[in-house]
Amino acid sequence: MSLYESNDSSGDISLQDDRFYQLKKIIELIIHGGWLASIELPMKQAALLPKEYIEVVLNDDVYRTDGVKRDIHKMRLLLRSLARNENTTVTNKTLKNDIEDNDDKDIDVNTLAEYLNIFSRLFIIDNQKQAKFVHQSELNKPEKDISAIPHSPVHYLWTIECCISKR
């Protein structure tokens, strides 16, 4: 559901309306997300929806993809690392190091790649091509396909959930 559909936006495009773009309001809109059922809910209840969604994905959907039990704790750590690295280009090794630096937990690079594959198959993450601004001198160079860190609305919600839970 868009902000216009939920009556949180007039549909006009303007960055001048300071009262709309207050940080608290933006956070509330992100937490309420596109779930129709959360529009009228108080913030604390609305924040439970993305959290519970992540829990269902980790505890049920991951296993159902191929019937293999996985380390849910490490998958949760990977999601947190992805949230910390949102909108950056990182390698699997960088994600591995981030998990080890922030959570003191070791994860094998191959396991990490497997978890990323599962998240992609479940539409939790989506690889995005890196935005590329071409300078005139680069016009004749062959393009290089570089993927940005995967992100989706769930990532934004997970990031907010992580911030709320650390308060």
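**Figure 1. Overview of the chain.** Buried residues (under 20% relative accessible area; exposed is over 50%, partly exposed in between; 1.4 Å probe, protein chains only) make up 29% of the 167 residues in the chain. This is a predicted model, in which local features need pLDDT of at least 70 and side-chain atom pairs count only at pLDDT 80 or more, while totals for chains, interfaces and linings use all residues. Residues are numbered from 1 along each chain as its sequence is written, and side-chain values use heavy atoms, with hydrogens and water left out. The chain has six helices and two strands. Helices (H or I, at least four residues) and strands (E, at least two) are DSSP runs, numbered from the N terminus. Their order from the N terminus is α-α-α-α-α-β-β-α.

**Figure 2. The largest nonpolar core.** This core holds 20 residues, and Leu78 and Phe119 have the most contacts inside it. At least two core residues come from each of helix H2 (43–66), helix H3 (72–84), helix H4 (92–103) and helix H5 (109–121). A nonpolar core is a set of buried Ala, Val, Leu, Ile, Met, Phe, Trp, Tyr and Cys residues joined through side-chain atoms within 4.5 Å. Leu78 touches Leu95, Ile99, Leu112, Tyr115, Leu116 and Phe119, leaving aside its neighbours within four places in sequence.

**Figure 3. Packing of H3 on H5.** The two axes lie 11 Å apart, and H3 and H5 pack at an angle of about 75°. H3 is therefore roughly perpendicular to H5. Axes are lines fitted to C-alpha atoms, for helices over the stretch in contact, and angles run from 0 to 180 degrees between N-to-C directions. Angles of 65 to 115 degrees count as roughly perpendicular, under 35 as roughly parallel, over 145 as roughly antiparallel and the rest as oblique. From H3, Lys74, Met75, Leu78, Leu79 and Leu82 meet Leu112, Tyr115, Leu116, Ile118 and Phe119 of H5.

**Figure 4. Packing of H4 on H5.** H4 and H5 pack at about 105°, with axes 10 Å apart. H4 is thus roughly perpendicular to H5. Asn92, Leu95, Lys96 and Ile99 in H4 meet Val109, Leu112, Ala113 and Leu116 in H5. Ala113 lies in helix H5 and is partly exposed, at 32% relative accessibility.

**Figure 5. Two loop residues with positive phi.** Asp104 sits in the loop between H4 and H5. Asp104 is not a glycine, yet its phi is about 50°. Asp104 is exposed, with a relative accessible area of 73%. Phe123 belongs to the loop between H5 and strand E1 (128–129). Phe123 is not a glycine either, and has a positive phi of about 60°. At 70% relative accessibility, Phe123 is exposed.

**Figure 6. A charge over a ring.** The charged end of Lys69 sits over the ring of Tyr63, 5.6 Å from the ring centre. The criterion is NZ of Lys or CZ of Arg within 6 Å of the ring centre and within 35 degrees of the ring normal. The structure holds zero aromatic pairs. Rings of Phe, Tyr and Trp (its six-membered ring) pair if their centres lie within 6.5 Å; planes under 30 degrees apart count as stacked, over 60 as edge-to-face and the rest as tilted.

Conventions. Contact = heavy atoms within 4.5 Å.
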